[in-house]
Amino acid sequence: MPASVSVARSQARVIRRCASIDDVSALRLGLLEEIRPAVGFDAYAWLMTDPETSVGAAPVADVPCLGELPRLIRLKYATGVNRWTELVDPPVGLLHEVTGGDLGASLLWREMLIRYDVRDVASVVFRDRFGCWGFLDLWRSGESNPFSREEARFLAGIVEPVTAALRQAQAHTFAASRTTRDDRRLGPVVLLLSPDLTVLGQTPETEEYLRILVPPAQGRTPIPASAYNVAAQLLAAEDNVDGNPPSARVHLAHGQWVTLKAARIGDAEDGKRRNIAVTIEEASATERTTLFARSFGLSQRESELLRHLAEGVDTRGIAHRMYLSEHTVQDHLKSIFTKTGARNRRTLLARCLGT
């Protein structure tokens with residue numbers, strides 16, 4: 001079979017997989033099965049990201065250095081080469097190609113990946129006009145050849161449908177019924193990390209809440225990778241690698257979302273960097289509303305109207321605030337209902353605000 005035919009079939013399978021709304025973790029694992037025949041790889045890490053901050057969360061990964069996860073994440077955020085926040089056009093970067101074969105130009109490679117005999121990394125970013133929804137790193141190691149331009153073109157060719165599928169899967173989380181939710185309010189809880197992301201301590205309620213957040217393997221501490229990601233972004237911002245804020249919204253289950261934020265605490269000693277506090281708490285109404293609008297692809301006008309609606313403003317008040325006629329407000333509402341699948345304001349707000 002000609003290679004072009006095989007690639008076309010692989011792309012078609014990816015597109016078919018994208019057509020079905022699925023749990024976002026299952027979606028990514030299924031897509032990896034479709035990608036592998038066209039672009040072989042030995043390891044992978046695929047993170048969702050907060051569409052506004054581009055900070056990673058909820059990873060699916062199979063890499064040989066999971067035992068060094070905090071360090072891996074810290075180095076990933078500190079590395080400027082092929083950073084997902086910089087890959088725009090094209091949205092695919094090949095480490096071997098961009099460094100001209102001098103992989104040591106990558107901090108992550110020379111400080112960690114070299115020890116695992118990684119020969120190349122293909123990085124793919126899933127971004128659209130509503131935000132950055134995730135990034136994927138594919139690793140090749142051992143005697144494998146570097147990724148080719150043909151493989152990079154294949155990856156670039158599936159970015160658009162995969163991005164749409166990831167965003168739609170996030171939107172689907174807002175449709176969960178309240179009756180299936182765990183109504184205990186989560187947080188705020190605090191994790192204390194050292195500058196190298198070692199866990200130093202936590203508030204008394206933290207472990208209980210984290211076991212709700214991330215049920216751990218037996219005998220392991222329930223520390224979500226999202227906490228390491230926001231802390232690593234804080235370090236990256238301080239080092240001027242990337243200016244995005246160190247925060248991310250993360251979906252748990254049944255429509256529940258939490259917000260993680262990282263900040264320095266205490267006083268520095270002997271010139272050392274201060275420790276890092278990561279807070280985890282249920283996402284606020286405003287945080288949910290902006291994420292809801294992005295996930296469903298609402299226009300700027302529709303997003304503004306939704307914010308007013310979430311604040312309890314009626315049609316007349318919205319028309320006054322937005323300098324629109326009440327008829328135009330109703331037209332915008334109909335468009336929002338169509339995009340979100342909600343039939344009325346009550347259902348729309350219940351899904352948006354998680355009430």
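Helices (H or I, at least four residues) and strands (E, at least two) are DSSP runs, numbered from the N terminus. With that in hand, let's walk through the model.

This is a predicted model, in which local features need pLDDT of at least 70 and side-chain atom pairs count only at pLDDT 80 or more, while totals for chains, interfaces and linings use all residues. Residues are numbered from 1 along each chain as its sequence is written, and side-chain values use heavy atoms, with hydrogens and water left out.

**The sheet**

An open sheet is built from 5 strands in the order β2-β1-β5-β4-β3, with antiparallel pairing (two strands pair if DSSP finds at least two bridges between them). Because β2 (56-62) and β3 (92-94) stand at the edges with a single partner strand each, one side of each is left without a neighbour in the sheet. On average, neighbouring strands of this sheet are turned by 15 degrees against each other, direction ignored.

Axes are lines fitted to C-alpha atoms, for helices over the stretch in contact, and angles run from 0 to 180 degrees between N-to-C directions.

**A helix pair**

Helix α10 (residues 300-310) and helix α12 (residues 326-340) pack at about 95 degrees, with axes 10 Å apart. That makes α10 roughly perpendicular to α12 (65 to 115 degrees). R301, E302, L305 and L309 in α10 meet V329, H332, L333, S335, I336 and K339 in α12.

On a 1 Å grid over the protein atoms alone, a cavity is a set of points where a 1.4 Å probe fits but cannot get out, and a pocket is an open set with protein on both sides within 12 Å along at least five of seven lines; lining residues have an atom within 4 Å of a point. Grid points are joined across faces, edges and corners, and a volume is the space filled by probe spheres set on the points.

| Space | Volume |
|---|---|
| Second largest pocket | about 190 Å³ |
| Largest cavity | about 120 Å³ |

In the second largest pocket, α6 gives the most to the lining, with 4 residues. K339 of α12 also lines this pocket.

For the largest cavity, α5 (107-111) and β4 each supply at least two lining residues.

Definitions and conventions:
Parallel < 35°, antiparallel > 145°, perpendicular 65-115°, else oblique. Contact = heavy atoms within 4.5 Å.
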